[in-house]
Amino acid sequence: MKAVTASAPAKLNLVLQVGRLEDGYHPLYSIFEALNMRETVRVTPCAGPSHVHTTVQLGPGSKRIEEAINALEPQQNLAVKAGERLLQEAQKRMQQARCAHNQGPRSIGDDGAAALPPGLEFEVLKRVPMAGGMAGGSADAAAALVAVNELLGLKLTMQQLLEIGAELGADVPACLMGGTSLGLRYGDQMTKLGHGQTHHWVMVLVRNGLSTPAVFKTFDTHQRGREKLPTSLRTQDRYKALGPATDLKHLLTNDLQASALEMRPDLARIMTRINHTDALAALVSGSGPTIAVLARDGEHAQQLAQTISEFADVEDCLCTHGPVVGARVETLAGPAATEKPRTDVTATEKSRTDAPATKESQTDPAATEKPCTDAPGPQEPQMLTLARTEE
Ligand code: C5P
């Protein structure tokens, strides 16, 4: 059985409207844009239990973060959870086939391609900051789902992957889907919005992360939940989300922003200073602490990044753009020892080490210039609705 490498994008919430807490979760009205910052997951069958190794490409602190992540139990890793979920699906299918035929088939794919491995080995290349409100962990899960689906020959459709993804985490469907998408309810009702114009962003990173549940808790304490949320896409939102940056700037909304800024005075100070630059707009990304700054174009983004990276408490500024394609298979390779290194990964590593803070960072050139219309593989549904699973 071969190794499979897949990638998935980070996300930014162009709109994040939050309702009142219901059974431990908040209903949402959210418009996502997939960003050209991609996580890569390489999956190989292995003889023992599933395990994971992560390499972090996030600048100076990478080694420290890498050691902390690699010290975690594999079962706490979203990529492993996602892969194991599909391995179970494969085992279930095999058992059903055994019952049906009263004897064990030797393979799981419809094409009878390969026997089931006892476990999976994951190699994760992290380019999306952790606990930054950009769904880095969800992107790992999305890439793992696509890779393992291919590796095991499961042939699950995009709709099926979205359903499984929503069980793993609220942002996994957006990372699977890519492009510009609408998420309703608990992120479990997803619609793709079509082809939007490219937007250039500066993602402003600060040293410490913010816990998503903690931000929601502050939000609840102040009773900031909306009584009513839109139940379908508002026409003017679609127009602005897919339009040029000059229209998009009038759309950007994040109901969690006030709570994140309250919890982190350093962010509030940075936001004030950004508001004095000529940026088109700025907002906290998801539950923070990353701040997304909207630029006129790529050159403007570079200039803004240079200015903002000098601000106190700013750790790094990454230039990126969206929307880009969702999770997709990148390479099908033979045994690890014979696989040639990918030139795009090498190029990315080079750009990270050579370039200053204003680089177009964490891109995966394999996906960089491809329009978001690129088919990720499985067929995308127009709308997905599924049962919510409680944490
Ligand atoms: O689904 P995910 O693991 O990303 O969510 C992390 C936490 O954020 C949840 O356990 C919950 O406390 C909070 N959350 C929420 N409402 C949402 C999404 C997340 O309260 N719609």
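Proline 323 is placed in the loop that runs between strand 11 (316-322) and strand 12 (328-333). In this predicted model, a cis peptide bond links glycine 322 to proline 323, with omega at about 0°. A cis bond also joins glycine 288 and proline 289, where omega is about 5°. Proline 289 belongs to the loop between strand 9 (281-284) and strand 10 (291-295). Such bonds deserve mention because most peptide bonds are trans.

**Annotated binding site**

Alanine 131 is located in the loop between strand 4 (119-126) and helix 3 (136-151). Its relative accessible area is 46%, so alanine 131 is partly exposed.

Glycine 133 is likewise found in the loop between strand 4 and helix 3. Is glycine 133 buried or exposed? With a relative accessibility of 13%, glycine 133 counts as buried, because the limit for that class is under 20%. Apart from residues up to four places away in sequence, glycine 133 is in contact with Lys11, Ser285, Gly286, Ser287 and Gly288.

According to an unreviewed UniProt entry, the annotation "binding site" covers Pro129, Met130, Ala131, Gly132, Gly133, Met134, Ala135, Gly136, Gly137, Ser138 and Ala139. Which of these residues are included in the lining of the largest pocket? The lining includes Pro129, Met130, Ala131, Gly132, Gly133, Met134, Ala135, Gly136, Gly137 and Ser138.

**Aromatic and charged side chains**

The count of aromatic pairs comes to one. The pair is formed by tyrosine 25 and tyrosine 186, with 6.4 Å between the ring centres and 80° between the planes. The arrangement is edge-to-face, because the angle required for that class is over 60 degrees. Where do the two partners lie? Tyrosine 25 is in the loop between strand 1 (3-18) and strand 2 (28-46), and tyrosine 186 is in the loop between strand 5 (180-185) and strand 6 (189-192), so the contact ties together parts that are 161 residues apart in sequence. Tyrosine 25 is partly exposed at a relative accessible area of 23%, whereas tyrosine 186 is buried at 11% relative accessibility.

Elsewhere, arginine 273 places its charged end over the ring of phenylalanine 311, at 4.1 Å from the ring centre.

**Backbone angles**

Most residues other than glycine have a negative phi.

Glutamine 223 sits in the loop between helix 6 (212-221) and helix 7 (235-242). Aspartate 313 is found in the loop between helix 11 (298-308) and strand 11.

Notes: Residues numbered from 1 in each chain as written. Predicted model: local features only at pLDDT ≥ 70, side-chain atom pairs only at ≥ 80, totals over all residues. Heavy atoms only, no water. Phe/Tyr/Trp six-rings, centres within 6.5 Å; stacked < 30°, edge-to-face > 60°. Helix = DSSP H or I, 4+ residues; strand = E, 2+ residues; numbered from the N terminus. Buried < 20%, exposed > 50% of the residue type's maximum accessible area, 1.4 Å probe, protein only. Lys NZ or Arg CZ within 6 Å of the ring centre and 35° of its normal. UniProt positions renumbered as here; feature names shortened; annotations may be inferred. 1 Å grid on protein atoms, 1.4 Å probe; cavity = no way out; pocket = protein on both sides within 12 Å on 5 of 7 lines; lining within 4 Å. Contact = heavy atoms within 4.5 Å.
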